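Colleague: Could you show me the model, please? I would like to go through its sheet and one of its helices.
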Amino acid sequence: MSTSSRFLLSNGVVLHSSDAPPITTFLESHPGAYTTTRTHNNASCLLFWERHVKRLAESVRILSNSTPQLLFKQNNSSSMIMHSLPQFTMGPFRALVNDSMSKVLPIAMKERRSDGEELSVTTLVSGNIERLSGIGNVDDDDDDDGRVCQALDVYVYVGSYVVPAFGVRGNGARLAVVGRGRDVANAKYSDWVRLRKPLEKLRPFAVTELLLSNDGDKILEGCVTNFFVVCRKDIDEAKGDYLNDRNDTCAFEVQTAPIGDGVLPGIIRQIVIEVCFSKGISFREVAPSWSKHETWEEAFITNSLRLLQHVETILVPSSWESIISKTQEEISWEEKQFKDGPGMITTLIQKEIMERAILEGFPLCNAV
């Protein structure tokens, strides 16, 4: 499969590259909850697939209950959607999603090159108002769960993906804080692709990811990533740890914004938390504060394609108000630079994530 090859399962029909739009165009034109993962180990498995399916179901529930207009396709006769899905369980939902996967993945696998190329897999679930209206009242049993799932349309978008090498000099992320946090941030929904477009006009040259903050100090997340910093503890705080453990990790604390502040519960974000607890690395859910950036020894971002990427630089506007009133060229920036390559804590966490990727990989033979 060439690097431009892509496949889209839409309404039960698989569209090939010439008929499948770019992924951003597809997401902008289809409301719904979605999740993106990729294959691993020469396309032998899907990364953390069960976690993705559970979060996808939770995003569907959140959107249905809070902002159904982000989930349901609007028909021409309705200007306001007042529909919500009845409760459903994971069994029928998982079967619905996996059945859709089984229709497109074998085709993408057949076209895939044999030189280590991986596949990116985006699954989007939209609500169908007409079919929802037709299912009537439902009770809490498996048959009714199946009827609820009939009101959902599933799309699967598969493209090629080349995994960047971890730790290569110059291969780190370059970040800039440019926008405010998302609404309904605890769900992953396609309309965010459209809503974040205005932030692009503030992207400084060579910046690879845009960060979000509501006050210019407390950093929440990236547009498509979760954001972490590794802080050095002060001597008094770390002294007791030094006496009991000669491992240098006791001198550091990993920080990332809590879900309650308005960030996406990223799959890799949760795995980072689990790794920190299992390896005895101090961890705290608190939004990293730019006013304390002199204590930041390392930083990294996570998402389900790249997994973990170390940060090289972060730019923050000298005046938070300037992001509203000025152009990118007129904004004065403060900069934090990190040492070349990933630091000790970042490298340790990345290694553990890769080991878990093997343990939690979903064999593609099960999906196809």
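Modeller: Two strands pair if DSSP finds at least two bridges between them. Strands (E, at least two residues) and helices (H or I, at least four) are DSSP runs, numbered from the N terminus. This is a predicted model, where local features need pLDDT of at least 70, side-chain atom pairs count only at pLDDT 80 or more, and totals for chains, interfaces and linings use all residues. Residues are numbered from 1 along each chain as its sequence is written, and side-chain values use heavy atoms, leaving out hydrogens and water.
Colleague: What is the order of the strands in the open sheet?
Modeller: The 7 strands run β2-β1-β6-β5-β3-β4-β16, with antiparallel pairing. Strands β2 (13–15) and β16 (362–363) stand at the edges with a single partner strand each, so one side of each has no neighbour in the sheet.
Colleague: And β1, which strands does it pair with?
Modeller: β1 pairs with β6 over 4 bridges and with β2 over 3 bridges, both in the antiparallel sense. Leu 9 has Val 156 in β6 as its bridge partner, and Ser 10 has Val 13 in β2. In the hairpin of β1 and β2, Asn 11 takes a positive phi near 55 degrees.
Colleague: Now the helix. Is α2 largely enclosed or open?
Modeller: Largely enclosed, because 13 of its 18 residues are buried (under 20% relative accessible area, 1.4 Å probe, protein chains only).
Colleague: What span should α2 have?
Modeller: At 1.5 Å a residue, times one less than the number of residues, residues 49–66 should span 26 Å, and the end C-alpha atoms are 26 Å apart, which agrees.

Key:
Buried < 20%, exposed > 50% of the residue type's maximum accessible area, 1.4 Å probe, protein only.
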